[in-house]
Amino acid sequence: MTNFEITYQLSIDPNGIVRNGTPYDFKLNPDTYAWMAELYRHLKIEYPKFHKMDHLCKLAFLGVELLKESVDCTSFDKDRVALVFENSYASLDTDQKHQKNVQSQKTSPAVFVYTLPNILMGEIAIRNQWYGENLFVLNDEFDVEGWKQTATTLLKANKADVIIGGWAEVLDQHFDLRLHMIQRR
Amino acid sequence: MELIEELKEKLIEQLNLEEMKPADIANDAPLFGEGLGLDSIDALEIIVLLDSHYGINVSNPEEGKEIFYSVETLANFITKHRS
Amino acid sequence: MKVFITATGVNSAIGTNVNECLLALTQERSGLGSCDIFDYKSLHVGRVNQSNDELRERIGLPNENWPRTALLGLLAAQEAFKGNSDSSVRKGFINGTTTGGMDLTEQHYGRPEEARKADGWKVVATHDLGVVTALIAQQLSSFDYINTISTACSSSANSIMLGARMIRNGSLDQVLAGGCDALTSFTINGFKSLMIYANDVCRPFDQHRLGLNLGEGAGYLLLENEKSLASSGNTALAELTGWANTNDAFHQTGTSEEGTGAKLAMIRALEKSGLAAEKIDYLNAHGTATNNNDKSEMAAIDAVFDHVDFSSTKGFTGHALGASGGIEAVFSMLSLQYQQAWVNKNLNESLNEGKIDPLGSDLPKKINHVMSNSFGFGGNSTSLIFTKN
């Protein structure tokens, strides 16, 4: 029986960033989302498209960038990195903005683009040129065992070598990322 | 010239070009592809901008290709069509 | 472990059940019509020809204020799933949707601000995706596993794929899989803002296509393994033999010129089924009729096939977003069952960039293997392969 293990864990929420159980040295002020651009600069990322993303995509994107800081992802087979994410609000944070735009008859295509939760996986795939499977699932709350089960299903089916994902949720001032990586050992 | 400067500021704001300042955008530099790296969604946002700020209606994004080539071509188009 | 398909359920602009849809497909009759709602009377949409009241009556819930997405979903789900009393059969329901309860959410936003505040955000959230699945599930059976997938326009194809995989790895014996989506002002506005909503009827794979028409509906397959078949007594209509999902990794809404994700999905699905490309007797393409999708899907089809009989059925139904993969899975099943490939409606002049032309009329032929493509925003690309039993 092949063993699959979670090899990486990261959380970002209003209390801060914790990577593999250790607080990450970056102070975020949860009152506004300015910390996202600050973290982007802190990580010395050069990817102007970041600034066009909605908060949900930025959150997941930054999580993966933090992962890449401590894990060498360049050795991964780009066709065999799969993304499995879940949350409960889908893209409601941006849905609200689009709905307001519709009502004031000022629809913005750049907002509408983000009214789907799976776009966050698209952004990560584009950034890293990962062509593997993507799955976005809706759940009431995050259950890491449940996530692990879904991720393991993909690994067992030999669809991927690495699964990156977990819980990514943003609604108004609430944000919560639980990023995990699971690998074939 | 005023229009060109105004456009640069509006583009930076509307397209979330956070790392750019108006001075970074050359009047004749390509906005798409190699230049500023704008994409199809940005083109659509520029169409929205033309409509909301200048009252100009571009109904076919394909038309936009030449009009949106640079800030200069965009300004020329606006000057010509502004109501 | 084999994955059999034993029942189907569907509704779309061309019919409110499998037989009505089959009739329209064989009569080459499109369901696209003028938009009857919102401020978009000039647009064409593919609406399911039933009011919410009629739908409530049909599904036997005359008093429930469900989102339309759930009403459409339950109608198709009831057709595909007749229940299974054998408690040793592990049952799953996997539902794909993107609009969820958006029609009710739109009503919520239309309310005065005070009333909206009293509703609270969670009300809107519970009208969203997962709740639609739960509403449908509780009317059908007690399931051992329920899941909601939202990967844009490939949502229900991905539900079917996950269902097949869970049967294949022994987690479940019987899975109802597919998806549902309803027309909303939210999505019509959005696609208009992307300037890919046609002013006319949509013309998939046409040289002069002007964009898509949105549609709505639901489509489900009942997937079973041999153990489940033994207790349900159902007859296997076909087998799901291939599936794959990839990411195009190119752009949020646009697809790459060469259709990288699409090509990879089709190739991997073929590998999974062990079939050579020439064995595919009919390909139900995604074919939304947007300039971008059809061009890149055509490039991918050209790269994978020397020749294939293919069409998009979106000229019949419009693009039902998250439901389209489920609806087209049922159309692919009908193709196997009735040995006919479906016409590519509204085609005047074929997209000549492809070596292969879409079907100009329904084509009766021997059909053993059908491939169905579903692609979504975010680069999400899925191909499924159905094989005659």
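Before I start, a note to myself: two strands pair if DSSP finds at least two bridges between them. I also keep in mind that this is a predicted model.

**Entry 1: where chains A and C join strands**

I looked up strand β5 of chain A, residues 134–138, and found that 2 bridges join it to β5(C). The two strands run antiparallel. Going residue by residue, I saw L138(A) opposite T148(C) in β5(C), while V137(A) has I149(C) as its bridge partner.

**Entry 2: the other neighbour of β5(A)**

Which strand of chain A is joined to β5(A) by 5 bridges? I found that it is β4, residues 81–87, and that these two strands run parallel. Here V84(A) stands opposite L135(A).

Next I asked myself how many residues of β5(A) are buried. The count is 5 of 5, so I noted the strand as mostly covered. I then checked each face: N134(A), F136(A) and L138(A) are buried on one side, and L135(A) and V137(A) are buried on the other.

**Entry 3: the contact of chains C and A**

I went back to chain C and saw that 38 of its residues are in contact with 39 residues of chain A. Among the elements of chain C that give two or more residues to this side are α6, α7, β5 and α8. The most comes from α9(C), with 5 residues. Sorting this side of chain C by class, I got 14 nonpolar, 22 polar and 2 charged residues.

**Entry 4: the contact of chains B and A**

I looked here too, and this contact takes 10 residues from chain B and 9 from chain A. The chain B side has 4 nonpolar, 3 polar and 3 charged residues.

**Entry 5: helix α8 of chain C**

Is the helix enclosed or open? I found 14 of its 14 residues buried, so α8(C) is largely enclosed by the rest of the structure. Just after the helix, G170(C) takes a positive phi of about 85 degrees.

Last, I looked at α2(C), residues 52–59, and α3(C), residues 68–80. Their axes come within 10 Å and cross at roughly 35 degrees, and the crossing is left-handed. Among the residues that meet are L55(C) and I59(C) from α2(C), and L71(C) and L75(C) from α3(C). By class, I wrote down 6 nonpolar, 2 polar and 3 charged residues for this contact.

Note on methods:
Residues numbered from 1 in each chain as written. Chains lettered and ligands numbered in written order. Predicted model: local features only at pLDDT ≥ 70, side-chain atom pairs only at ≥ 80, totals over all residues. Buried ≥ 20, exposed ≤ 12 C-beta atoms within 10 Å, placed from the backbone. Helix = DSSP H or I, 4+ residues; strand = E, 2+ residues; numbered from the N terminus. Contact = placed C-beta atoms within 7 Å. Nonpolar A, V, L, I, M, F, W, Y, C, P; charged D, E, K, R; others polar. Axes fitted to C-alpha atoms, helices over the stretch in contact; angles between N-to-C directions. Left-handed = near helix turned anticlockwise from the far one by under 90°.
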